[in-house]
Amino acid sequence: MEEVRAMMAGNVWKIVVTEGEAVEADQDIVILESMKMEIPIATEDGGIVKEIKVQEGDFVNEGDLIAVIE
């Protein structure tokens with residue numbers, strides 16, 4: 001199981017996967033918007049998206065849980 005966490009503070013601009021979707025290593029999960037830049041957050045390992053813990057428009061801090069991959 002992998003926990004995908006925010007690497008910096010920002011707003012969740014777009015969620016690009018859905019719960020139950022199969023993802024590959026290094027695939028983008030969400031895109032954060034911070035200081036007018038788009039920052040993709042990717043999974044390190046492949047698997048199935050078990051849970052998405054954020055919604056578009058949410059503000060996250062560095063280290064906040066974004067998704068769980070099994």
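Hi everyone. Before we look around, a word on the model: it is predicted, so local features need a pLDDT of at least 70 and side-chain atom pairs count only at pLDDT 80 or more, while totals for chains, interfaces and linings use all residues. Residues are numbered from 1 along each chain as its sequence is written, and side-chain values use heavy atoms, with hydrogens and water left out.

Let's start with the overall picture. How many helices and strands does the protein have? It has zero helices and eight strands. Here, helices (H or I, at least four residues) and strands (E, at least two) are DSSP runs, numbered from the N terminus. Along the sequence the pattern reads β-β-β-β-β-β-β-β. The radius of gyration is 11 Å, close to the 11 Å that the globule rule gives for 70 residues, so the protein is as compact as a globular protein of that length. That radius is taken over C-alpha atoms, and the rule is 2.2 Å times the number of residues to the power 0.38. Taken along the principal axes, the C-alpha atoms fill a box of roughly 30 × 20 × 20 Å.

Now to the sheets. Two strands pair if DSSP finds at least two bridges between them.

Strand 4 and strand 5 run antiparallel and are joined by six bridges; E33 has E38 in strand 5 as its bridge partner. Four bridges then join strand 2 to strand 4 (residues 28–34), again antiparallel, and there V12 is partnered by L32 in strand 4. Strand 2 (residues 10–15) also pairs with strand 7 (residues 59–60) in the antiparallel sense, over two bridges. In that pairing, N11 stands opposite F59. A handy thing to remember while you look: in a regular strand the side chains alternate between the two faces of the sheet.

The other open sheet also has four strands, in the order 1-8-6-3 and with antiparallel pairing. Strand 1 (2–5) and strand 3 (22–23) are at its edges, each with a single partner strand, so one side of each has no neighbour in the sheet. Inside this sheet, strand 6 and strand 8 (residues 65–69) run antiparallel and are joined by three bridges. The bridge partner of E51 in strand 8 is V68.

What about the inside? Buried means under 20% relative accessible area, exposed over 50%, and partly exposed in between (1.4 Å probe, protein chains only). Buried residues make up 36% of the 70 residues. A nonpolar core is a set of buried Ala, Val, Leu, Ile, Met, Phe, Trp, Tyr and Cys residues joined through side-chain atoms within 4.5 Å. Which of the 18 residues in the largest nonpolar core touch the most other members? They are I29, V30, L32, I41, V54 and I66. The elements giving two or more residues to this core are strand 2, strand 4, strand 5, strand 6 and strand 8.

T43 sits in the loop between strand 5 and strand 6 (47–52). Is T43 buried or exposed? At 1% relative accessibility, T43 counts as buried. Among the residues that T43 touches, beyond four places in sequence, are E2, V23, I29 and I69; contact means heavy atoms within 4.5 Å. A polar atom of the T43 side chain lies 2.7 Å from the backbone oxygen of D45.

S34, found in strand 4, is buried as well, at 12% relative accessibility. The backbone oxygen of A9 is 3.1 Å from a polar atom of the S34 side chain.

Last stop: two loop residues. D26 lies in the loop between strand 3 and strand 4, and has a positive phi of about 70° although it is not a glycine. D26 is exposed, with a relative accessible area of 61%. M35 lies in the loop between strand 4 and strand 5, and its phi is near 55°, a positive value in a residue other than glycine. M35 is exposed, with a relative accessible area of 69%.

Methods. Polar contact = N/O pair within 3.5 Å; in protein donor to acceptor, adjacent residues only side chain to side chain.
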